[in-house]
Amino acid sequence: MNFVENILSLGVPFSVALLIASLGEMFNQRAGIFNLGCEGIMAMGAFLGMLVPFTVGQGGTTPQIYNFLGLALAMGVGALFGLLFGLVVIIFRAPQGIAGIGLQMFGVGTAGTLFRHFVGGSQSIPGINDLPIPGLSKIPFFGQILFSHNLLVYLTFAFVPVSWYILFKTPWGLKVRAVGTNPRAADSIGIEVNKIRFQALMVGGALAGLAGAYLSLCQVKMFSDEIIAGRGFIAVALVYFGHWNPVKIMGGALLFSFAQAFQLAIQGQGINFPYEFAVMLPYVMVIIVLAFSRESQLLGPTALGKPFNREKRT
């Protein structure tokens with residue numbers, strides 16, 4: 001495998017956790033709420049995702065069904081975290097930024113504590129097996145890059161057009177965009193603003209939990225306190241970079257992941273390049289891209305971050 005093929009084949013699966021979390025955060029923000037607690041939900045999802053197969057496997061071969069039960073548990077708990085966040089910022093109208101940081105700290109801390117209590121130390125798990133697509137995976141160059149991954153990789157990229165359709169072509173998607181753009185007008189035509197925002201937060205939370213479980217079950221195949229490594233915050237940034245559009249968000253996730261794969265490939269090739277700069281590269285790229293994404297201020301939901309009070313007419 002040559003240098004370029006190595007970068008691309010690593011970058012595609014690396015992008016999946018970011019893409020799942022970013023799509024979930026997109027629904028949150030389209031409904032008018034930004035959730036900086038995405039990192040904490042991903043941490044809980046990563047722990048719970050690996051807990052189920054670890055518990056039943058105990059070091060042996062674990063049936064694949066238990067891995068998918070771990071994914072389902074991570075999504076369910078992620079949705080509950082979304083409800084909790086909604087209670088704080090929708091019902092009690094707490095500042096969304098501060099509440100999000102609190103949720104992030106709570107999720108990361110709780111996941112680490114439960115991990116040390118139930119598992120104790122770093123333990124690897126078999127995880128979800130790769131599922132090369134017969135025939136397509138044998139195509140030179142493209143086969144290894146696009147068609148030699150696990151099932152969740154394929155489903156994630158298939159979900160990009162599905163999420164676009166949900167957001168722009170369904171009545172629920174119209175309601176989500178309405179409550180994020182002008183909740184007062186949405187309320188005046190009978191849309192239950194808070195109900196839609198709770199639903200969007202549950203979807204976003206479930207996807208954040210799934211993103212975390214992907215890391216522990218598919219990518220790293222273990223859990224550690226540093227497994228998320230800032231991906232939750234990067235997912236929030238990618239929504240701005242992608243202008244709240246699923247296709248553009250996918251492009252941002254791939255861009256970041258290819259930069260991450262590039263720094264790993266450099267180290268693997270033994271190229272004489274400062275290690276610290278290689279590690280910094282993906283994060284510096286996100287900052288640079290966001291700095292030049294001035295359109296985001298004009299294209300974003302106008303009610304983003306603003307609580308809705310039906311009785312207050314201002």
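Helices (H or I, at least four residues) and strands (E, at least two) are DSSP runs, numbered from the N terminus. By that convention, His243 lies in the loop between helix H10 (231-241) and helix H11 (246-269). The structure is a predicted model, in which local features need pLDDT of at least 70, side-chain atom pairs count only at pLDDT 80 or more, and totals for chains, interfaces and linings use all residues. Residues are numbered from 1 along each chain as its sequence is written, and side-chain values use heavy atoms, with hydrogens and water left out.

**Stop 1**

Select His243. Its phi is positive, about 55°, although the residue is not a glycine. His243 counts as buried because its relative accessibility is 14%; buried means under 20% relative accessible area, exposed over 50%, and partly exposed in between (1.4 Å probe, protein chains only).

Next, select H10, the helix that His243 follows. How many of the eleven residues of H10 are buried? Eight are, and the helix is mostly covered. The buried residues of H10 are Arg231, Gly232, Ile234, Ala235, Val236, Ala237, Leu238 and Val239.

**Stop 2: helix H9**

Move to helix H9, residues 193-219. Its 27 residues reach 37 Å from the first C-alpha to the last, close to the 39 Å expected at 1.5 Å a residue; the expected span of a helix is 1.5 Å times one less than its number of residues. H9 bends by about 25° at Ala213, where the bend at a residue is the angle between axes fitted to the seven residues ending there and the seven starting there. Because 21 of its 27 residues are buried, H9 is largely enclosed by the rest of the structure. After H9 comes Lys221, with a positive phi near 60°.

**Stop 3: the salt bridge**

Select Arg116 and Asp225 together. They form a salt bridge, and their closest N and O atoms are 2.6 Å apart. The pair links distant parts of the chain: Arg116 is in helix H4, whereas Asp225 is in the loop between H9 and H10, 109 residues apart. A salt bridge is a side-chain nitrogen of Lys or Arg within 4 Å of a carboxyl oxygen of Asp or Glu. A search of the whole structure finds one such bridge. Arg116 is partly exposed, as its relative accessible area is 45%, and Asp225 is also partly exposed, at 38% relative accessibility.

**Stop 4: Arg93**

Go to Arg93, in the loop between H3 and helix H4 (96-118). Its phi is near 55°, a positive value in a residue other than glycine. Is Arg93 buried or partly exposed? Arg93 counts as partly exposed because its relative accessibility is 37%.

**Stop 5: the nonpolar surface patch**

Select Val56, Ile65, Tyr66, Phe68, Leu69, Leu131, Leu151 and Leu155, which form a nonpolar patch on the surface with about 680 Å² of accessible area together. Patches are made of residues with over 30% relative accessible area and no salt bridge: like charges are joined within 9 Å, nonpolar side chains (Val, Leu, Ile, Met, Phe, Trp, Tyr) within 5 Å. Accessible areas come from the Shrake-Rupley method with a 1.4 Å probe, and for residues only the protein chains shown count as cover.

Helix H3 (64-91) and helix H6 (151-169) each supply at least two residues of this patch. The largest share, four residues, comes from H3. Ile65 belongs to H3, and Ile65 is exposed because its relative accessible area is 52%.

**Stop 6: helix H6**

At the start of H6, a side-chain oxygen of Asn150 reaches to within 3.0 Å of the backbone nitrogen of Leu152.

The buried residues in H6 include Leu152, Val153, Tyr154, Thr156, Val160, Ser163 and Leu167. Leu167 counts as buried because its relative accessibility is 0%.

**Stop 7: Pro53**

Finish at Pro53, in helix H2 (residues 38-57). Pro53 counts as buried because its relative accessibility is 2%. The C-alpha atoms of Pro53 and Gly127 are separated by 7.9 Å, and the two residues are 74 residues apart along the chain.

Notes:
A polar contact is a pair of N or O atoms within 3.5 Å; within protein, one must be able to donate a hydrogen and the other to accept it, and residues adjacent in sequence count only if both atoms are side-chain atoms.
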